[in-house]
Amino acid sequence: MNHLIISFISPDRPGLVDTLSNAVSQHQGNWQTSSLHHLSGYFAGVIEIAVSAEQTSDLIDKIQSIKDFKCQIETANANQTTTHADIVIELTANDRSGIVQEISSVIHNQGGNLLKLVSSHDSAPHSGQELFKAKATISVAENTVDDLINALESLADDLMVDISR
């Protein structure tokens, strides 16, 4: 079984997910994991599809033939094992330019691997000040979790870090 990792962007239009899922179904693929988003008139995402080796090439051709659908497709090894702990952190701070770079740099410098990052931009309820909010999944050596959290918290006085394991 092959695992296809598909990253894509397309002008948003009704039926795009239906078109993708039909292509997967026609080739006996299994839609594993995805993150899909509407962003400023475009539809973008990342999908993991499990498909037999015999169907892989035809499925790739079918997906690449979708009109106005720009994509990159990679074949991945499934079920890679790790000796690290996965932690989930939620971050809230006053929004400012460069905040994602600061956070990702701390994670990298503390030996972590950013597995997933979902961020948003909101207004604070009472003040209306712009807030940066993010939820990140990080793979990190178990004995360095506290150091990572301390390093993140030291980035700024207004940065709140909540952690779960």
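**Entry 1: before starting**

I noted at the outset that this is a predicted model.

I began with helix 3, which spans residues 99-109. Which of its residues are buried? I found Ile-99, Ile-103, Val-106 and Ile-107. Looking down the axis of helix 3, I saw these buried residues fall within an arc of 100 degrees, so they line one face of the helix. A reminder to myself: an α-helix has 3.6 residues a turn, so residues three or four places apart point the same way.

Then I turned to the face of helix 3 that points away from the buried side, and there I found the exposed residues Gln-101, His-108 and Asn-109.

What covers the buried residues of helix 3? My list includes three strands, namely strand 5 (85-94), strand 6 (113-123) and strand 7 (130-140). Helix 4 (145-153) is also part of the cover.

I also checked what comes after helix 3, and noted Gly-111, which has a positive phi, near 85 degrees.

**Entry 2: helix 3 against helix 4**

Helix 3 and helix 4 meet at an angle of about 155 degrees, and their axes are 10 Å apart. An angle over 145 degrees counts as roughly antiparallel, so that is how helix 3 runs relative to helix 4. I put their crossing down as right-handed.

Which residues make the contact? On the helix 3 side they are Ile-103, Val-106 and Ile-107. On the helix 4 side I wrote down Leu-148, Ala-151 and Leu-152.

**Entry 3: helix 1 against helix 2**

Next I looked up another pair, helix 1 (residues 16-26) and helix 2 (residues 53-64). They pack at an angle of about 160 degrees, with axes 9 Å apart. Helix 1 and helix 2 are therefore roughly antiparallel, and their crossing is right-handed. From helix 1, Leu-20, Ala-23, Val-24 and Gln-26 take part in the meeting, and from helix 2, Leu-59, Lys-62 and Ile-63.

**Entry 4: salt bridges**

Side chains of opposite charge can pair when their charged atoms come close. How many salt bridges does a search of the whole structure find? I got four.

One of them joins Lys-67 and Asp-68, with the closest N and O atoms 3.5 Å apart. Lys-67 counts as exposed, at 62% relative accessibility, while Asp-68 counts as partly exposed at 46%.

I then looked at Lys-133 and Asp-122, where the closest N and O atoms are 3.9 Å apart. Lys-133 lies in strand 7 and Asp-122 in strand 6, so this pair ties together parts that are eleven residues apart in sequence. Both ends are partly exposed: Lys-133 has a relative accessible area of 33%, and Asp-122 comes out at 30%.

My last stop was a network, in which salt bridges with shared partners join Arg-96, Glu-102 and Asp-158. Within it, Arg-96 and Glu-102 meet at 3.0 Å, N to O. Arg-96 is partly exposed at 26% relative accessibility, and Glu-102 is partly exposed at 25%.

Technical notes:
Residues numbered from 1 in each chain as written. Predicted model: local features only at pLDDT ≥ 70, side-chain atom pairs only at ≥ 80, totals over all residues. Heavy atoms only, no water. Buried < 20%, exposed > 50% of the residue type's maximum accessible area, 1.4 Å probe, protein only. Helix = DSSP H or I, 4+ residues; strand = E, 2+ residues; numbered from the N terminus. Arc of directions from axis to C-beta. Contact = heavy atoms within 4.5 Å. Salt bridge = Lys/Arg side-chain N within 4 Å of Asp/Glu carboxyl O. Axes fitted to C-alpha atoms, helices over the stretch in contact; angles between N-to-C directions. Parallel < 35°, antiparallel > 145°, perpendicular 65-115°, else oblique. Left-handed = near helix turned anticlockwise from the far one by under 90°.
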